[in-house]
Each structure stands twice: as C-alpha cells, then as structure tokens.
Number of protein chains: 2
Amino acid sequence: MELSAYLPFWSKLEPRHRELLQQVVTECHFEKGRLIHNGSADCVGLYFVVRGRLRVFVMSEEGKELTLYRLLDRDICLLSASCLMRSIQFDVIITTEEDTVALHIPVEAYRRLMEESVVVANYTNELIAANFSEVMWRMDQIMNKKLDSRVAAFLLEEADLRGSNGLDMTHEQIANHLGSAREVVTRMMKYFQTEGLVKLGRGSIELLDLDGLNRLAAESMR
Amino acid sequence: MELSAYLPFWSKLEPRHRELLQQVVTECHFEKGRLIHNGSADCVGLYFVVRGRLRVFVMSEEGKELTLYRLLDRDICLLSASCLMRSIQFDVIITTEEDTVALHIPVEAYRRLMEESVVVANYTNELIAANFSEVMWRMDQIMNKKLDSRVAAFLLEEADLRGSNGLDMTHEQIANHLGSAREVVTRMMKYFQTEGLVKLGRGSIELLDLDGLNRLAAESMR
C-alpha cells in the first residue's frame with residue numbers, strides 16, 4: 001500500500017505519525033451495493049478510495065433519498081467518520097456503487113492525528129469544506145433548476161462516470177438520486193424519448209442527443 | 001474587549017498567539033441592514049458577534065434569495081473569511097439584521113493561527129462542520145416539508161428571535177428567507193389568516209394561534 005500516494009500530507013507528517021498510520025491502515029474490498037456507513041448508527045473511520053465508487057446520500061423520514069455526491073478514485077470519504085466532529089449534526093448513508101477497493105483509517109488513530117498534527121487538522125478542514133461545497137452546489141440545483149434540467153444533467157453525469165451512453169438504471173434509481181418520485185421521473189423520461197433525447201429500454205436508457213441534453217442541463221429556472 | 005470570553009480556545013493558546021490576537025482584534029459597529037460580506041468579492045475576516053444579528057444567505061443567478069442561517073450573540077461568522085479554505089467553492093452574502101457589535105479578526109492573522117496552532121485548526125473544523133450542519137437541516141426542510149410548514153416554522157422562529165408575536169415583515173422578505181416567490185407567500189399568508197393563525201396588517205404580521213402554527217410546522221410531506 002502506497003500510503004504516501006494517497007495522503008497528500010504524508011511528506012509533512014512527523015515520523016511517529018507516519019509509523020502510527022502504517023500500523024493501522026488496512027486495505028478493504030467491498031462488493032458493489034454494500035452499505036459502508038449508516039448515519040449516526042456507526043463511525044467506521046475514513047476511507048481513501050483506491051478504485052471504485054461510493055455514493056453519499058441522505059434519506060428523509062419518509063424514505064425519500066437524495067444523492068449528495070459520489071466519491072471516485074483518490075477521493076477521501078470523511079463523513080463515515082463523522083463522530084470526529086461534534087458539530088456534524090446530520091446523518092448520511094454511504095454505499096458502494098461499484099466493486100470498491102479502499103484504504104481504511106480507524107477513527108481513533110485519525111482523531112489522534114488531528115489532535116496532534118496541525119497539518120492533518122488543516123487537511124481535514126479542507127475535506128469538510130469540499131463536502132460542504134458539494135452540498136451547496138446540490139442545493140443550488142434543487143432551488144434554481146427545473147427537474148427536466150436536473151434529470152438531463154444527471155444522465156450526462158452518469159454517462160460520463162461510466163464512460164458509456166447506455167445506462168442500466170431504473171426510473172426509481174434516478175428518482176432516488178434526485179430526491180424526486182418515480183412517477184415524476186417516468187413521465188419526464190417519456191417526454192425525453194418523444195423529443196428524441198433518449199431511447200428507453202427495459203431497465204435501461206440510451207442517450208441519443210447529447211447536445212440536446214447539454215442544452216437542457218444548462219437551462220435556468222426563468 | 002474580553003477576548004477570552006469570546007474565544008473558547010483562548011486558554012489553550014500559546015502566549016505569542018494571544019499577543020497576536022490582542023494586537024489585531026478590533027471592535028466593529030454596524031448599523032442594521034449593512035452588507036458585511038459579498039461572496040468571492042471580498043474576504044474580510046472573522047466576526048465574533050457581541051450583540052446583534054447577522055443573516056447568511058445565498059442568491060441565485062436570477063436574484064432569488066435563500067437564508068442559510070442567522071448568527072446571534074456569541075456566534076462566530078466564519079464564511080466572511082471563506083478564502084481561508086481553498087475548498088470553499090460557493091458564495092454567500094452576509095448582512096446585519098439588527099444594529100450589531102462584533103469583534104473582528106483579520107484573515108491574515110487567523111490564517112497564521114490556523115497554520116501554527118492545532119487548537120485553532122480543530123476549532124475551525126468544528127465551525128465549518130456547524131455551518132455545514134445548518135445547511136443540511138435547511139436542505140432537509142426544502143426537500144421534505146411543504147411550504148406551509150416552512151412558513152409556519154419561519155414565523156415562529158422570527159417571533160422567538162424578536163421576543164414578540166408582532167412581526168414587522170413584508171411578504172417579500174419572508175419569500176427571500178425561504179427561497180420562494182412573494183406571490184406564493186402572499187397566498188399562503190391569506191390562507192393562514194382565514195384559518196385564524198395570523199392577523200395581517202400593513203407590512204406587519206401578528207401571530208394569533210401559536211399552537212396551530214406549531215402543529216403545522218411539525219407536519220411532514222406525507
């Protein structure tokens with residue numbers, strides 16, 4: 001495990017902190033669809049994604065989901081260690097969207113690093129600020145984009161993530177990413193099909209008109 | 001100025017950092033309605049609110065406002081120094097809602113403290129996490145509460161902030177807090193009046209049925 005390649009602060013750590021990390025970091029393998037972290041029910045530590053994809057989302061009391069952001073290769077998952085900060089007063093759920101390999105740092109070791117190393121403390125600052133920024137972007141979308149723009153943006157993002165214009169996704173899955181309802185997404189997808197933007201299959205969607213989807217994704221509320 | 005009373009980390013600072021703070025902190029007086037911070041256009045430093053009230057909000061490209069949170073006595077305003085963290089990639093606007101007295105710490109001095117003191121770095125972590133949590137709560141409201149619940153909750157919050165059931169607010173101001181449109185709020189307020197929840201005056205609203213408003217505020221989407 002090349003810790004130095006995944007921890008941008010590695011070169012600035014004191015030797016004793018490097019030793020600590022080398023003792024506690026383990027490599028984890030998760031299958032696609034695994035629950036990694038479930039709100040305040042656990043505090044499993046940080047994950048550095050070597051390869052794969054994590055989805056960080058919230059769920060309302062009524063069970064409605066909303067994707068906050070995804071974590072890809074070389075991203076760091078901090079909110080699975082949310083107990084590190086008293087002031088994090090919200091729950092997220094984290095699952096794997098692909099088979100995933102990650103380096104794991106236990107909470108207690110990272111807490112000691114944060115308390116003893118100003119470098120790690122400030123690095124953690126940047127991590128929270130980055131997550132906060134993702135959520136602010138998401139909120140701007142929700143407040144200021146119509147759903148057709150948000151669905152178009154989501155389809156393009158998915159195609160980009162997978163490197164393919166053919167998406168094996170149900171309308172329910174799309175609704176769960178966007179905090180919407182399945183029926184609403186189904187109506188929207190049918191409209192997209194009549195406009196020639198997509199072709200719908202059984203549990204699959206093919207993107208036909210990327211320019212059209214891009215134009216739609218860029219539209220503002222008014 | 002009793003710095004020690006406003007900075008929870010005061011007792012843990014090194015003497016040289018206490019001296020630095022004593023040299024740079026100044027007391028500021030702002031009238032009600034003053035613009036304190038305007039997105040990425042400035043980075044004015046941190047404010048510790050001695051007394052008064054700040055409003056932190058976002059504005060969409062189309063000019064629609066949404067209140068993220070308010071800062072009251074003894075709260076700390078971090079996002080007016082958002083340039084402290086590269087990863088803060090969003091803009092907020094901060095104004096005074098009352099005549100406000102605040103202690104100001106310049107960005108450069110605070111940056112030095114963050115870089116040199118693990119106590120200050122971790123304190124800053126908690127500050128960002130707290131702001132992040134406020135925004136997550138707000139997003140949950142937007143996603144999972146109907147507007148009538150959100151208006152009821154807002155009116156109760158305002159009455160609580162002012163210590164009075166008579167609010168001198170326009171419908172436009174309420175819409176700007178909630179990210180809604182004036183016409184929508186006006187329709188809602190008229191409905192509230194017919195239900196006996198409020199009494200509408202000229203630019204003023206009197207809360208009549210606090211129990212009823214509380215019940216409405218507690219309602220979920222389904």
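Chain B and chain A meet through 41 residues of chain B and 41 residues of chain A, where contact means heavy atoms within 4.5 Å. This is a predicted model: local features need pLDDT of at least 70, side-chain atom pairs count only at pLDDT 80 or more, and totals for chains, interfaces and linings use all residues. Residues are numbered from 1 along each chain as its sequence is written, chains are lettered from A in the order in which they are written, and side-chain values use heavy atoms, leaving out hydrogens and water.

Here is the interface in brief.

| Interface of chain B and chain A | Value |
|---|---|
| Buried area | about 3,600 Å² |
| Carbon and sulfur atoms' part of that area | 66% |
| Salt bridges | zero |
| Residue pairs in polar contact (both at pLDDT 80 or more) | 15 |

Buried area is the accessible area (1.4 Å probe) that two parts lose on being put together, summed over both. A salt bridge needs a side-chain nitrogen of Lys or Arg within 4 Å of a carboxyl oxygen of Asp or Glu. A polar contact is a pair of N or O atoms within 3.5 Å; within protein, one must be able to donate a hydrogen and the other to accept it, and residues adjacent in sequence count only if both atoms are side-chain atoms.

On the side of chain B that touches chain A, strand 5 (65-71), helix 3 (107-116) and helix 4 (118-144) each give two or more residues. Helix 4 of chain B gives the most, with 18 residues. Helices (H or I, at least four residues) and strands (E, at least two) are DSSP runs, numbered from the N terminus.

Chain B also has an open sheet of four strands, in the order 2-7-4-5, with antiparallel pairing; strands pair if DSSP finds at least two bridges between them. Strand 2 (35-38) and strand 5 of chain B are at the edges with a single partner strand each, so one side of each has no neighbour in the sheet.
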